[in-house]
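Student: I would like to work through this model by question and answer. Where do we start?

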Amino acid sequence: MSAANSTPHTPSDTSEGASTAAEHDGAAAEHNNFSQAELDKFGALANRWWDPEGPQKALHALNPARLGYVAQRANLRDAQVLDVGCGGGLLSEALAAAGAQVTAIDLAPELIKVAKLHRLETGVAIDYRLQPAESLAEEMPGRFDAITCMEMLEHVPDPAAVVRACARLLKPGGRLFLSTLNRTPAAFALAIVGAEYVARVLPKGTHQYRDFIKPSELAAWLREAGLRMEDVSGLMYEPWRNAARVISRTDVNYLACALKPELDA
């Protein structure tokens, strides 16, 4: 998130600015798995989302590691990929550049607007939608080869519902890629105290410790949704070099990959 079709298209932006509020109200009325405070918080960062030295500096640094993790486990060339909680489109554009046919969804109108504007600048073909995963799952079940949901689950009231929606959206044999924060003292010290108040690489209030998710909790949601956990790896941000790498320790940020078994498996 800041916290989704067959062949993606590039919709016209002519009337999108006028319609975003109405679209958001319609989506919210049907699926209420969002916090307006969270949407407002990330929406306020929209104008500088693509600034590598701005408030989302750490997210820019995480992006190559996130993309590498996905690309090592899924063939992205011509794959149908959904980015859930796409924010301003950092990972969405990276996935598209790697050859994927990308659909990207978020519930913050300001972020979808910025993502669409950046799409016009780069010419990348991404289908951005102001839509919750739950309603897209009703519309397009079994459509995607891979789904990414990065740094989003800890920002919604019911993360398990997002996992269930993603499972429904996946094709059999498809993979779901997630990243979130572990609920540990180390995560509190580094991701909140260190990142938000000491190093100030994230805006204050970006995270709430109570919303962090233990890998065991995530694994239970995945099992309940019919998915099989294949991997859990740590994701370390190194502010002194403004870069990130995948590691074995999972006590702060971590990535996960889950498989939707084939129907005859």
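Tutor: We start with a definition: accessible areas come from the Shrake-Rupley method with a 1.4 Å probe. The model is predicted. On that basis the accessible surface of the protein chain comes to about 11,200 Å².

Student: How many helices and strands does the secondary structure come to?

Tutor: The elements are DSSP runs, numbered from the N terminus. For the protein chain, the secondary structure comes to nine helices and eight strands.

Student: How many disulfides are there?

Tutor: A disulfide needs a pair of cysteine sulfur atoms within 2.5 Å. For Cys149, the nearest cysteine sulfur is that of Cys166, 5.1 Å away, so by the 2.5 Å cut-off Cys149 is in no disulfide. By this rule the count of disulfides is zero.

Student: Is Cys149 buried or exposed?

Tutor: The limit for a buried residue is under 20% relative accessible area. Cys149 has a value of 0%, so Cys149 is buried.

Student: And Cys257, buried or exposed?

Tutor: The relative accessible area of Cys257 is 1%. Because that value is under 20%, Cys257 is buried.

Student: Which elements each supply at least two residues of the lining of the second largest cavity?

Tutor: The second largest cavity has a volume of about 90 Å³. Of the 13 residues that line this cavity, the closest to its centre are Arg66, Gly85, Cys86, Leu91 and Met150. The elements that each supply at least two lining residues are α3 (57-73), β1 (80-84) and α4 (90-97).

Student: How many residues of that lining are charged?

Tutor: Asp, Glu, Lys and Arg count as charged. The lining of the second largest cavity has eight nonpolar and two polar residues, and the charged residues number three.

Student: Which residues does His60 touch, not counting residues up to four places away in sequence?

Tutor: His60 is found in helix α3. At a relative accessible area of 19%, His60 is buried, because the limit is under 20%. His60 and Ala243 are 183 residues apart in sequence, yet their C-alpha atoms are 8.5 Å apart in space. The residues that His60 touches are Trp49, Trp50, Asp51, Pro52 and Leu90.

Student: How far apart in space are Ala65 and Met236, C-alpha to C-alpha?

Tutor: Ala65 is found in helix α3 and counts as buried at 11% relative accessibility. Leaving out residues up to four places away in sequence, Ala65 touches Leu235, Ala244, Arg245 and Val246. Ala65 and Met236 are 171 residues apart in sequence, and their C-alpha separation is 9.2 Å.

Student: Where does Asp78 lie, and what is its phi?

Tutor: Asp78 is found in the loop between α3 and β1. With a relative accessible area of 54%, Asp78 is exposed, because the limit is over 50%. Most residues other than glycine have a negative phi. The phi of Asp78 is positive, near 65°.

Student: Which residues is Asn242 in contact with, leaving aside its neighbours within four places in sequence?

Tutor: Asn242 is found in the loop between β6 (228-238) and β7 (243-247), and is partly exposed at 26% relative accessible area. Although Asn242 is not a glycine, its phi is positive, about 50°. The C-alpha atoms of Asn242 and Lys57 are separated by 8.1 Å, and the two residues are 185 apart along the chain. The contacts of Asn242, neighbours within four places aside, are Lys57, Ala61 and Tyr237.

Student: Which residues is Val124 in contact with, on the same terms?

Tutor: Val124 lies in the loop between α5 (109-122) and β3 (126-130). At 18% relative accessibility, Val124 counts as buried. Val124 and Ala97 are 27 residues apart in sequence and 7.7 Å apart in space, C-alpha to C-alpha. Leaving aside neighbours within four places in sequence, the contacts of Val124 are Glu93, Ala96 and Arg119.

Terms used
Residues numbered from 1 in each chain as written. Predicted model: local features only at pLDDT ≥ 70, side-chain atom pairs only at ≥ 80, totals over all residues. Heavy atoms only, no water. Buried < 20%, exposed > 50% of the residue type's maximum accessible area, 1.4 Å probe, protein only. 1 Å grid on protein atoms, 1.4 Å probe; cavity = no way out; pocket = protein on both sides within 12 Å on 5 of 7 lines; lining within 4 Å. Points joined across faces, edges and corners; volume = space filled by probe spheres on them. Helix = DSSP H or I, 4+ residues; strand = E, 2+ residues; numbered from the N terminus. Contact = heavy atoms within 4.5 Å.
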